[in-house]
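New notebook page. I'm looking up a few things in this one and jotting them down as I go.

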Amino acid sequence: AAYFGAGPALLPTSVLQQASIDLITYLSNPVGVGEISHRSKDAINIIDSTKAHLSEILNIPDTHEVFFLQGGGTTGFSSVATNLLASFAAKTGKKGQPAYAITGTWSKKSYEEAARLGLEPQVATNGINSKFTGIAPVDQWKKLDPETTPYIYYCDNETVNGVEFHAPPVEATCDGKIPLVSDMSSNFLSKKIDVSKFGLIFAGAQKNVGIAGITIYIIRKDLIPQVGTEELNKLNIPITPIAFHYPTVVKNNSAYNTIPIFTVHVLNLVLKNLLANGGLAAQEKENVEKAQLLYGVLDKHPQLFNLPVAKDSRSKMNVVFTINGEGKEEEFVKKAGEQELSGLKGHRSVGGIRASIYNAIDLETVGKLTKFIEEFASA
Ligand code: PLP
């Protein structure tokens, strides 16, 4: 059986087997990993080891800090906005207006959250009129002013629309003067990235690297200090709830309050598995091959399959397409199900078909899908 759901998504079987053992008894504890104190030595070791593995895999420089928060990607939308405004105020004494590249459902939601919080965000680019089928070249984006722009935000992979940045939009940062903030929830650790180029990266674990319950943050250390409550009130910047206050979380090594340690442990097992299988270079190579194979088969049948996303913005994680002909999509999903290929229905907001081929889906499994697609096309 093969599952192509968009998230929560599959994890490597060996990871799940180890996790299920550790859930019952962990190391020399009389109880399982989810039952130990978040202040115990074993829990701290899990946090530190997970951070170390992330640093090793991504080559995270000393200029950056890793921490974890609960609440998923959506908490990232709100927490980025309030924390980074408070940090911009610490540097400049000003409120500023953050800028957003709106390239799909999730960056749109993040922009809307910043607006809801009263931040009057700027729009750097907006693909809504072209139904999020591509990304405008960065030189056509709004020119931003580093003096008044606390950060430029984008979503590296739009899970719903199947739109991915093939390179981060560093040109939008005014030579690095504006911190680049990236939501990598659905393509984190799918490819190599240069962390030094980013002010902040966040990623919910439940797609490529774990189960729901924890979000990974990588922040440039100079963005951590913030102004206090009095200054925030004066500048009309919303106050960050304490559990999501980056300086507090960082100072307490991600355990200011009870961290879901089982979830972090699963993340750590995924990271160890990735390292044992050749690290990011090997993973990226396989992901490229998987995407080429799948898009290749779909491109061979343009009368039947319609791929809406421009080639230079196609996602290597979420392959989105529609099928021409009355009832064809239902038939595709049904026939795929008969061959134990599931999770292929597109997001309820856009319809169509979506095959999510995250890290845990290997080339062989994508091969099963492409074989089915060939059969479907020639039936
Ligand atoms: N960002 C991206 C790119 C996503 O794909 C998702 C969820 O699918 C989210 C954010 C929201 O994540 P959560 O449901 O964990 O809040």
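Leaving aside neighbours within four places in sequence, which residues is Tyr217 in contact with? I found Val66, Phe67, Phe68, Leu69, Leu200 and Phe202. Contact here is C-beta atoms, placed from the backbone, within 7 Å.

A note on the source: this is a predicted model, where local features need pLDDT of at least 70, side-chain atom pairs count only at pLDDT 80 or more, and totals for chains, interfaces and linings use all residues. Residues are numbered from 1 along each chain as its sequence is written.

Next I checked the core. Tyr217 turned up again: with Ile152, Tyr153, Leu200, Ile216, Val270 and Ile357, Tyr217 touches the most other members of the largest nonpolar core, which has 105 residues. (Such a core is buried Ala, Val, Leu, Ile, Met, Phe, Trp, Tyr and Cys joined through C-beta atoms within 7 Å; buried means 20 or more other C-beta atoms within 10 Å of a residue's own.) Helix H7 (residues 261-276) gives this core its largest share, nine residues. Helices are DSSP runs of H or I, at least four residues, and strands are E runs of at least two, numbered from the N terminus.

Then the domains, whose bounds come from an automatic or database assignment. I have domain 1 (13-275) and domain 2 (279-378), with C-alpha centres 28 Å apart. Across the boundary, 23 residues of domain 1 are in contact with 24 of domain 2. On the domain 1 side, strand S7 (163-164) and H7 each give two or more residues.

Methods: Buried ≥ 20, exposed ≤ 12 C-beta atoms within 10 Å, placed from the backbone. Contact = placed C-beta atoms within 7 Å.
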